Number of protein chains: 2
Amino acid sequence: MVVDPPYTVHPIGRVRSPLTDRDLAPRQGDEGAPESTLVFTADVAPGLAGIAVGAELLVLTWLDRADRDVLVVHPRGDRDRPEQGVFTTRSPDRPNPIGLHRVTVLSVDGTRLRVRDLEALDGTPVLDVKPVLGPPDER
Amino acid sequence: MVVDPPYTVHPIGRVRSPLTDRDLAPRQGDEGAPESTLVFTADVAPGLAGIAVGAELLVLTWLDRADRDVLVVHPRGDRDRPEQGVFTTRSPDRPNPIGLHRVTVLSVDGTRLRVRDLEALDGTPVLDVKPVLGPPDER
């Protein structure tokens, strides 16, 4: 069944992180993010089956502190750089503030995944998790 | 301002593609997808400023024909492969059916981007566009 927009997304979990201040968070996960934990809701537990230590995952989040009315930004918040369209940047401020984060799984404890390289703030809702794709013949 | 869930996403455009049948579409964009066009709404045009021919983009879509109640699947629809949690697969069927597609821009005409390697079906809503990130010192 095709549903008409707008569409509704429901968090499947939350980020637990020492990061609480957007202005102090690293701009990308590989720029100094601390270890953090993805805590999933019990109802999606079957969807996690097969996630193992060492897995490389893409985590989609809802950047709930973003400004959805922003269409142009100074890249990386640097006012010395000319404004660009948000779709050429990773700014959290954008019409649909969905964050995309590549992380590595450090440990698995039921519905809790400890991960590396996640720059999302504490409490950020998690929307989806996908594997990083290998080459076509390994899929 | 932090808003409580659920969250609402609004399409910023649509996919125009020769692909209309999910069963006939390639499973990933680099497995034989035809050229297609991203047609954005006029209100987000400023956000596209700076997207050029040859750009490598990540396109986030809303997979509006997905089954949101699915948590386990046979990978790639192959019933000979054991079931896995959806979060270890790229199945379109998942609680928040957000598609993630890596494409290359072939041409730009106002709010229309012609792209390569997009396996989304005709009419699929577009939610967001992000650049593929280069190494940290080039951001």
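Predicted model: local features only at pLDDT ≥ 70, side-chain atom pairs only at ≥ 80, totals over all residues.
Start in chain B: select strand E4 (residues 56-62) and strand E7 (residues 98-109), which pair in the antiparallel sense over 7 bridges. Strands here are DSSP runs of E with at least two residues, helices are H or I runs of at least four, and both are numbered from the N terminus. Two strands count as paired if DSSP finds at least two bridges between them.

Residues are numbered from 1 along each chain as its sequence is written, chains are lettered from A and ligands numbered from 1 in the order in which they are written, and side-chain values use heavy atoms, with hydrogens and water left out.

**Stop 1: the barrel in chain B**

Now select E2, E3, E8, E7, E4 and E9 of chain B. In that order they run as a closed barrel of 6 strands with antiparallel pairing. Neighbouring strands of this sheet are turned by 45 degrees against each other on average, direction ignored; the axes behind that angle are lines fitted to C-alpha atoms, for helices over the stretch in contact, and angles in general run from 0 to 180 degrees between N-to-C directions.

Zoom in on E2(B), residues 13-16. On one side, E2(B) pairs with strand E3 (residues 36-40) of chain B, antiparallel, over 4 bridges. Click Arg16(B) and you will find Thr37(B) of E3(B) opposite. E2(B) also pairs with strand E9 (residues 125-131) of chain B, again antiparallel, over 2 bridges. There, Gly13(B) has Val126(B) as its bridge partner. While you have strands on screen, remember that side chains in a regular strand alternate between the two faces of the sheet.

**Stop 2: chain A as a whole**

Switch to chain A and colour by secondary structure: you get 9 strands and 0 helices. The C-alpha trace spans about 45 × 40 × 35 Å along its principal axes. Of the 139 residues, 49% count as buried (under 20% relative accessible area; over 50% is exposed, in between is partly exposed, with a 1.4 Å probe and protein chains only).

**Stop 3**

Select Ala33(A), in the loop between strand E2 (13-16) and strand E3 (36-40) of chain A. Is Ala33(A) buried or exposed? Buried, with a relative accessible area of 16%. Leaving out residues up to four places away in sequence, Ala33(A) touches Pro26(A), Asp117(A), Leu118(A) and Glu119(A).

**Stop 4: two positive phi angles**

Stay with Asp117(A), one of the residues that Ala33(A) touches. Asp117(A) sits in the loop between strand E8 (112-116) and strand E9 (125-131) of chain A. Its phi is positive, about 75 degrees, although Asp117(A) is not a glycine. Relative accessibility is 24%, so Asp117(A) counts as partly exposed.

Finish at Arg76(A), in the loop between strand E5 (72-73) and strand E6 (84-85) of chain A. Here phi is near 55 degrees, a positive value in a residue other than glycine. Arg76(A) is partly exposed, at 32% relative accessibility.

Note on methods:
Contact = heavy atoms within 4.5 Å.
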